[in-house]
Amino acid sequence: MPATFTKNALLLSLLLSFGLGQAQAASEPGPTALATRLSIPHPAVIAHRGASFDAPESTAAAYKLARDLGADYLEMDLQRSKDGVLFALHDNNLQRTTDVASKFPERKDSPANAFTMAELKTLDAGSWFNAAYPDRARPAFAGLKILTLDEIIDIAEGNPLHKPGLYIETKEPKQFPGIEHDLKEQLQSRGWLSPVGSQTAKNEQAVGQGPGKVILQTFEKSSLELLQKEMPQVPKILLLWVGEGSIEPKSKMTFAESGAKDKAAYYAAQQPKDKAEFQRWVDYAKAQGAIGTGPSAALTQGGDQSYSDLVQPWMNQYTHEQGLLVHVYTIDDAVDYQKVMDAGVDGIFTNRASELLKFYKRPAAASVAQVLQNNGY
Ligand code: G3P
Ligand code: CA
């Protein structure tokens, strides 16, 4: 075979494979296209426990504020009461965010699921906020109640001008066998699982009326699998962090052994065991039908929501290459909004929906104070 032929054939084959490679890359939907296809705003504003910087977390004041500011999603941690009612609460027990110690002193350390919904409704879930944050305190926060999922749905549906979606985490789901099924039943009974046209989805004002109106999230692999079984059509996010039950760390050193000055410094030094370990979790999320991951972030100011940096550019790039989105938790400062956006995330969980909306050049029409006042707080 003449050498020139071989050379030309090689060149042709290189050109063809390069062209084909480019065509394949071009046909892979990027994260913006993926989010659009799923009717999920991009980048998404996820109001973490409501607008919980400005009002007591997971209460009507926080969720109505997030809704009326224009957040895309109301985030909540789902639990189930002793008598089977689904409600929103982050912590395993009621001590930090309610007056359980004075109302039920002998049961103050009990898990929240040891209380009936009627008992939970007797608790004051607002006064703790006034005491903890006097500069943001409001008399009307005192006496706010723990909310059922049903009540949060009412809030999500309650503003004719802006309908946010729901971003629901099964919290410690092993404590609540069957909660994935209960959630499906309730969403179904409220019409939140009915198929809808994609037209409204493109309208930022109507996330809660489009196909991306519910996103389900969990740290637990088993719960992701059950959510997928119960609600295969609903978008799901696998939450990620470095530590027990999630990504294996490079160092097994405990906080006490590490000598770190605080938990944030300890977590910031935590890294996945290796690249393959991170990739394994992303691959698992995809294999189970998740549409993305919810990784932690290390915050510039530290604090109790600062964890391992799982939104490094290579991590986001790998996740995007698998056709998945990245929604990072939980970020409140502009310097960190910028940092994670530069790193390539597709949405942010924030306690400060008003600030994130400003950052995304989608400022709310009214101030936080005005909205709170309009809602009677
Ligand atoms: O759900 C995302 C983020 O909220 C996870 O952290 O502990 O606030 O539920 P956590
Ligand atoms: Ca959560």
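A polar contact is a pair of N or O atoms within 3.5 Å; within protein, one must be able to donate a hydrogen and the other to accept it, and residues adjacent in sequence count only if both atoms are side-chain atoms. This is a predicted model, where local features need pLDDT of at least 70 and side-chain atom pairs count only at pLDDT 80 or more. Residues are numbered from 1 along each chain as its sequence is written.

Start with ligand 1. One of its oxygen atoms is 2.6 Å from a side-chain N or O atom of Q217. The protein covers 92% of the 280 Å² of accessible area (Shrake-Rupley method, 1.4 Å probe) that ligand 1 has on its own. The side chains of H48 and H90 each have an N or O atom 2.7 Å from an oxygen atom of ligand 1. Residues around ligand 1 (a heavy atom within 4 Å) include R49, K171 and F219.

Now the metal. The calcium ion, ligand 2, is coordinated by E75, D77 and E169 at 2.2 to 2.3 Å. Donors are N, O and S atoms within 2.8 Å of the metal, or 3.2 Å for Na, K and Ca; water is not among the atoms, so sites may look incomplete. In sequence, the donor residues are spaced E-x1-D-x91-E. E75, D77 and E169 are also among the residues around ligand 1.

Note on methods:
Chains are lettered from A and ligands numbered from 1 in the order in which they are written. Side-chain values use heavy atoms; hydrogens and water are left out.
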